[in-house]
Amino acid sequence: RVDHGVPVQNFDYDIKCLHYHVEGWIPWDEIVSEYGDDGDLISHDIANRANWLEETYGIRLANEYMAHNKLPQAVENNDASGDDEWQLFDQFGYGLGQVYGNYYFLNMAEQKNVDFSHPWWVKSSVENLSIGSFVEFAASDLLLLDKGATACVFYNIPMSVDLGIDNLYQEVDNKSWTMERMAEYAQLALKDDGNDQWDENDIYGVMCGDDPVHHLYIGSGRLFETKDEDGYFRYEYGSGDTIEVMMDIFDSMMYQDFFYNTWHNRQKDNVPSFKDGRSLFAFGKVKECVDMRNMTDDYGFLPVPMYDDTQDTYYSLVSNYGDSLLAIPRNTARPDVVGAALELMGWYSYYNIYSDFYDVVICGRGTRDAESVQMLNVIFSNRIYDIGLIKDDINFTDKVLRYTDTGNTNLSSHFKSFESQITQMVSKMNELVDNY
């Protein structure tokens, strides 16, 4: 085992985490669980972790939940007052734009006891989201929701058999699982109920929300924003073939006869329709398998398809609409203790909780066949954080996501209308790189 490096001692310290709240997204990502005796495996594990931390190190944990859209103002007010009300901060990516780069948080890389070389830290979050050498936010195995927010595709196994579709798992292994192949199979599944009108009562190729815009784009191996070799930010979308790739994604999603977009049709979630056997495929997030345990038909996991057969790697977006990222407020009186707590909880989770989450909850309870477990290994092997989806002051990436509602796919014109704002936004971020 890798040692956490924190000697046993009595810190005698209280840590309160300001934690975002969105209905239905608890309890996987809790710092401390109030549900340890309700029979839920993960909640019980988290409660045990908190008890171990208090009994062994004298570190007492507490949560304060707050609506995600109110957190930025609370953080700003706390910073301005100089108060030490919260010692830890947890927000999901979409809600970070207002606080990212505003000096409200400490550089985690400089805090005593924090060691990002340890395996419980999510390396891609540290590398992709840092400002130069300043690590303001990072993901760790002590929080599990970012794992559950990883993009994937579900597919209906008996429906695929009835359609004469060959082994899709083998296609993934052969690197032939592409957007084109998915569209080909999706069209085979189309079945109108006889009223000559495509509606929620028909059978579709793909059930989705607007999410596949981001999932497929990141799945193509491209990013909205990246860094150069010197650590400076560079907006990738709009250069090279990125708009062409996005156009191909939009062209597929605009075919409503096999892409049934539940958001366009005023349905909140695509999973219930997929569970009812209304589609061959469904775009989703890994955590949604928990809601499909009582699905009658067997289902399988697949990674987000590659853009084309020139790719050799499957990429899985960690959705900024459901991930978890940690930060230490700069008013924290004892950041060394918070750093120790992060390392200790990360270590405990890596060796004692992650296996329950991945092997039992996701792979054991959430899959129907051994091949899906192999697919999950593929999905989790290249999880991607995109800073362009998180630090987006002008809300450009969200507008791209919602652009499918308009039916207008003139993406070049759309990008040009935002280009000057994007240039200013990236310039400000690169000023942060210099200043930090």
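Does Tyr237 count as buried or exposed, and at what relative accessibility? In this predicted model, Tyr237 counts as buried at 1% relative accessibility, where buried means under 20% relative accessible area, exposed over 50% and partly exposed in between (1.4 Å probe, protein chains only). Residues are numbered from 1 along each chain as its sequence is written. Because the model is predicted, local features need pLDDT of at least 70 and side-chain atom pairs count only at pLDDT 80 or more, while totals for chains, interfaces and linings use all residues, and side-chain values use heavy atoms, with hydrogens and water left out.Rings of Phe, Tyr and Trp (its six-membered ring) pair if their centres lie within 6.5 Å, and planes under 30 degrees apart count as stacked, over 60 as edge-to-face and the rest as tilted. By this rule, 31 aromatic pairs are counted. One of them joins Tyr94 and Tyr321, which are stacked at 4.9 Å centre to centre with 25° between the planes. Tyr94 lies in the loop between strand S3 (88–91) and helix H3 (123–129), and Tyr321 in the loop between strand S11 (316–317) and strand S12 (325–327), so the pair ties together parts that are 227 residues apart in sequence; helices (H or I, at least four residues) and strands (E, at least two) are DSSP runs, numbered from the N terminus. Tyr94 is partly exposed at 32% relative accessibility, whereas Tyr321 is buried at 17%.

The rings of Phe224 and Tyr237 form a tilted pair, with centres 5.4 Å apart and planes at 40°. Phe224 is buried, with a relative accessible area of 0%. A further group, Phe11, Trp52, Tyr57, Trp120, Trp347, Tyr348, Tyr350 and Tyr351, forms one aromatic cluster.
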